[in-house]
Amino acid sequence: MGSLPSPPPPAAAGDNAAGWQAIDTGELGRLFEAQRRHLDHFFDHVDLHQAAAFAQALLDAPGAVFFSGVGKSGIVAHKLSQTLSTLGFVRSAFLPPTDALHGDIGALFPGDILVLLSKSGSSDELLGLVPCARAKGAYLIAVTSVEGNPLAALCDMSVHLPLQRELCPFNLAPVTSTSIQMVFGDTVVAALMAAKKLTREQYAANHPAGKIGKSLIFKVKDVMKKQEELPICKEGDMIMDQLTELTSKGCGCLLVVDDNYHLIGTFTDGDLRRTLKANGATIFDLTVGQMCNRNPRTISPDAMAVEAMQKMESPPSAVQFLPVVDDQNVVIGIVTLHGLVSAGL
């Protein structure tokens, strides 16, 4: 088997093996400035009455809201449908125009809204979809950037997104129009959130795997250790007899309880080191109750998990765990900083 060819030598500064010029930071800066002017043109000329009517239509939709588009506009349409669906009060999905004409249009029902994104408003796929979607009873909205386009003329509502030109040197590649579509759509979504008075809790309910969702959904009882996982001991137990319990449960502490599991105090591995340093060999004669902290921080199982983390970090000094007790001070669990971090909080 022959050896692989050696890689080509690195290109000299200012060019490469294909003869292309290196990226010039000055030219790149001019491009960014030109793109900003193109976006400013959109912001300066967007019709707020059209935008408000569009947002109101989505807010008042009696059915689902579908988005469709071709090419790069289709990618934007897909993203906007996903963002809208995360709000929880509007059912939304992306409807690929070609797939729609081969059966997927069956998802459309009377009262649904179909938003058609297109820069030119002349895509054959969207124009072919319009009569079929109308026959299904959908309300059609065109979002386009070319004045007097056929798609806008065929739909029930039309929104014009002012486009000065594409940043592309040939004014062809959709490198500005898609940015405008995304900015417009995302701004409308934010307007819907404000109009619906969406709360953090409602938003988090649709993002249970994210940090925001977990902080607003997870309670202490969802992340605490319990039952056989608890490092339990009695106050009369000798310290040296509880070393296995102290180290094997992965909590870094002992929960000192009475016969009815009422919390008496806590004893940590830090307490063990300090006791050993202060007492030397006499540690063998000490009970856990003699050295435990009888005024530990505790938390309720129904408290929010994020509250537990805040309580651990509060003055005068941070702690690594909190005993979980009920309203009778009975130990039912323990929540650790490691457990909260592992849960994504």
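In β10, G333 is the bridge partner of V324. That pairing belongs to a predicted model, where local features need pLDDT of at least 70, side-chain atom pairs count only at pLDDT 80 or more, and totals for chains, interfaces and linings use all residues. Residues are numbered from 1 along each chain as its sequence is written, and side-chain values use heavy atoms, with hydrogens and water left out. Helices (H or I, at least four residues) and strands (E, at least two) are DSSP runs, numbered from the N terminus.

- Strand β9 (residues 321-325) and strand β10 (residues 331-336) pair in the antiparallel sense over 5 bridges; two strands count as paired if DSSP finds at least two bridges between them.
- Strands of a sheet pair through backbone hydrogen bonds, either parallel or antiparallel.
- 5 of the 5 residues of β9 are buried, so the rest of the structure largely encloses this strand. Here buried means under 20% relative accessible area, exposed means over 50%, and partly exposed is in between (1.4 Å probe, protein chains only).
- F321, P323 and V325 point one way from β9, while L322 and V324 point the other way, and all are buried.
- The hairpin has 5 residues between its strands, and N329 takes a positive phi near 65°.
- D327 sits in the loop between β9 and β10, and D327 is exposed, with a relative accessible area of 71%.
- Go from D327 to M157 and you cover 170 residues in sequence and 59 Å in space, C-alpha to C-alpha.

**A three-stranded sheet**

- An open sheet of 3 strands runs in the order β6-β7-β8, with mixed pairing.
- Its edge strands are β6 (232-234) and β8 (263-268), each of which pairs on one side only.
- From one strand to the next, the twist averages 35°. For angles like this, axes are lines fitted to C-alpha atoms (for helices, over the stretch in contact), and values run from 0 to 180 degrees between N-to-C directions.
- Strand β7 (residues 253-257) runs antiparallel to β8, and 5 bridges join them.
- In that pair, C253 stands opposite T268 in β8.

**Cysteines**

- A disulfide is a covalent bond between the sulfur atoms of two cysteines.
- The rule here asks for a pair of cysteine sulfur atoms within 2.5 Å, and by it the count comes to 0 disulfides.
- C253 is in no disulfide, as the nearest cysteine sulfur, that of C251, is 5.3 Å away. C253 is also buried, with a relative accessible area of 0%.
- The sulfur of C292 is 7.9 Å from the closest cysteine sulfur, in C233, which is too far for a bond. C292 is buried as well, with a relative accessible area of 11%.

**The cavity**

- The structure holds 1 cavity of 30 Å³ or more. A cavity is a set of points, on a 1 Å grid over the protein atoms alone, where a 1.4 Å probe fits but cannot get out; lining residues have an atom within 4 Å of a point.
- The largest cavity has a volume of about 80 Å³, where volume is the space filled by probe spheres set on the points, and grid points are joined across faces, edges and corners.
- Of the 14 residues that line the largest cavity, F54, F67, L80, F184 and G185 are the closest to its centre.
- α2 (48-59), α3 (71-85), β3 (113-117) and α7 (177-195) are the elements that give two or more residues to this lining. α7 gives the most, with 5 residues.

Technical notes:
On a 1 Å grid over the protein atoms alone, a cavity is a set of points where a 1.4 Å probe fits but cannot get out, and a pocket is an open set with protein on both sides within 12 Å along at least five of seven lines; lining residues have an atom within 4 Å of a point.
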